[in-house]
Amino acid sequence: MSQDVSFVADAMKQAVPWVKTTGIEFEEVSASRVVASLPDDETLRNHVGGPHAAMMFGLAETASGAVVMAAFAAHLGKATPLVARADIAYKKVALGVLRAEAVLGRSADEVLAELESGTRPEFPVTITITNAEGVTTGEMTVVWTLKPAR
């Protein structure tokens with residue numbers, strides 16, 4: 001039976017006010033994959049007319065955070081998810097609405113088993129950023145950890 005993660009979009013907007021400020025929307029949310037979008041807003045643009053690099057990074061990191069929240073929601077009393085590091089590659093000039101697809105890189109069960117064994121797990125989330133035509137404009141990997149609650 002799959003876990004209900006329908007709360008994640010609203011929870012992200014509440015927990016991270018920047019998400020609401022930028023207009024990020026969540027198109028799909030599951031415990032292993034999230035698709036989020038950033039509107040084409042001139043206040044978020046750079047000197048070439050597309051979303052600023054910081055907006056692309058923020059969209060991708062937000063999508064990764066949403067998939068982590070969805071995957072580990074039932075266990076947030078035991079551990080706090082934190083970003084350990086991130087790497088982004090800007091592939092093409094991004095223009096217009098952007099979509100970020102974030103995919104959990106390890107099974108939640110495997111990560112939780114590591115946490116239960118007393119080890120602080122790290123796990124990647126890979127994100128592909130595309131424009132409205134489906135062209136990849138950026139790729140990012142965010143490595144997350146679960147910090148055990150004390």
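Buried means under 20% relative accessible area, exposed over 50%, and partly exposed in between, with a 1.4 Å probe and protein chains only. Keep that at hand for the exercises below.

This is a predicted model, in which local features need pLDDT of at least 70, side-chain atom pairs count only at pLDDT 80 or more, and totals for chains, interfaces and linings use all residues. Residues are numbered from 1 along each chain as its sequence is written, and side-chain values use heavy atoms, with hydrogens and water left out.

**Exercise 1. Find where T137 lies, decide whether T137 is buried or exposed, and list its contacts.**

Step 1: T137 belongs to strand β6. Helices (H or I, at least four residues) and strands (E, at least two) are DSSP runs, numbered from the N terminus.

Step 2: The relative accessible area of T137 is 0%, so T137 is buried.

Step 3: Contact means heavy atoms within 4.5 Å. Leaving aside neighbours within four places in sequence, T137 is in contact with M56, A89, Y90, K91, K92, V93, A94, L98, I129, T130 and N131.

Step 4: Now follow one of these partners, N131. N131 sits in strand β5 and, with a relative accessible area of 11%, is buried. Not counting residues up to four places away in sequence, N131 touches L95, V97, L98 and T137. The C-alpha atoms of N131 and L95 are separated by 6.8 Å, although the two are 36 residues apart along the chain.

**Exercise 2. Describe the aromatic pair and say which elements it ties together.**

Step 1: A pair of aromatic rings is described by the distance of the centres and the angle of the planes. Rings of Phe, Tyr and Trp (its six-membered ring) pair if their centres lie within 6.5 Å; planes under 30 degrees apart count as stacked, over 60 as edge-to-face and the rest as tilted.

Step 2: This rule gives a count of one aromatic pair. Its rings are those of F72 and F123, whose centres are 5.2 Å apart and whose planes are at 50°, so the pair is tilted.

Step 3: Because F72 lies in helix α3 (residues 53–72) and F123 in strand β5 (residues 122–131), the pair ties together parts that are 51 residues apart in sequence.

Step 4: F72 is buried at a relative accessible area of 1%, and F123 is buried at 0%.

**Exercise 3. Work out which residues touch the most other members of the largest nonpolar core, and which elements contribute.**

Step 1: A nonpolar core is a set of buried Ala, Val, Leu, Ile, Met, Phe, Trp, Tyr and Cys residues joined through side-chain atoms within 4.5 Å.

Step 2: The largest core has 41 residues, of which F26, F72, F123, V125, I127 and L146 touch the most other members.

Step 3: Two or more residues come from each of α1, β2 (33–38), α3, β4 (98–104), α4 (108–116), β5 and β6 (136–148). Helix α3 has the largest share of this core, 12 residues.

Step 4: Look at L146, in strand β6, which is buried with a relative accessible area of 2%. Beyond four places in sequence, its contacts include F72, V111, P121 and F123. L146 and P121 are 25 residues apart in sequence and 6.0 Å apart in space, C-alpha to C-alpha.

Step 5: Compare the contacts of F123, which include V68, F72, V142 and L146. V142 is found in strand β6 and counts as buried at 0% relative accessibility.

**Exercise 4. Give the volume of the largest pocket and describe its lining.**

Step 1: On a 1 Å grid over the protein atoms alone, a pocket is an open set of points where a 1.4 Å probe fits, with protein on both sides within 12 Å along at least five of seven lines; lining residues have an atom within 4 Å of a point. Grid points are joined across faces, edges and corners, and a volume is the space filled by probe spheres set on the points.

Step 2: The volume of the largest pocket is about 240 Å³. Its lining has 14 residues, with M12, V16, G65, M69 and W144 the closest to its centre.

Step 3: At least two lining residues come from each of α1 (8–15), α3 and β3 (79–90). Helix α3 gives the most, with six residues.

Step 4: Sort the lining by type: nine nonpolar, four polar and one charged. Here Ala, Val, Leu, Ile, Met, Phe, Trp, Tyr, Cys and Pro count as nonpolar, Asp, Glu, Lys and Arg as charged, and the others, Gly among them, as polar.
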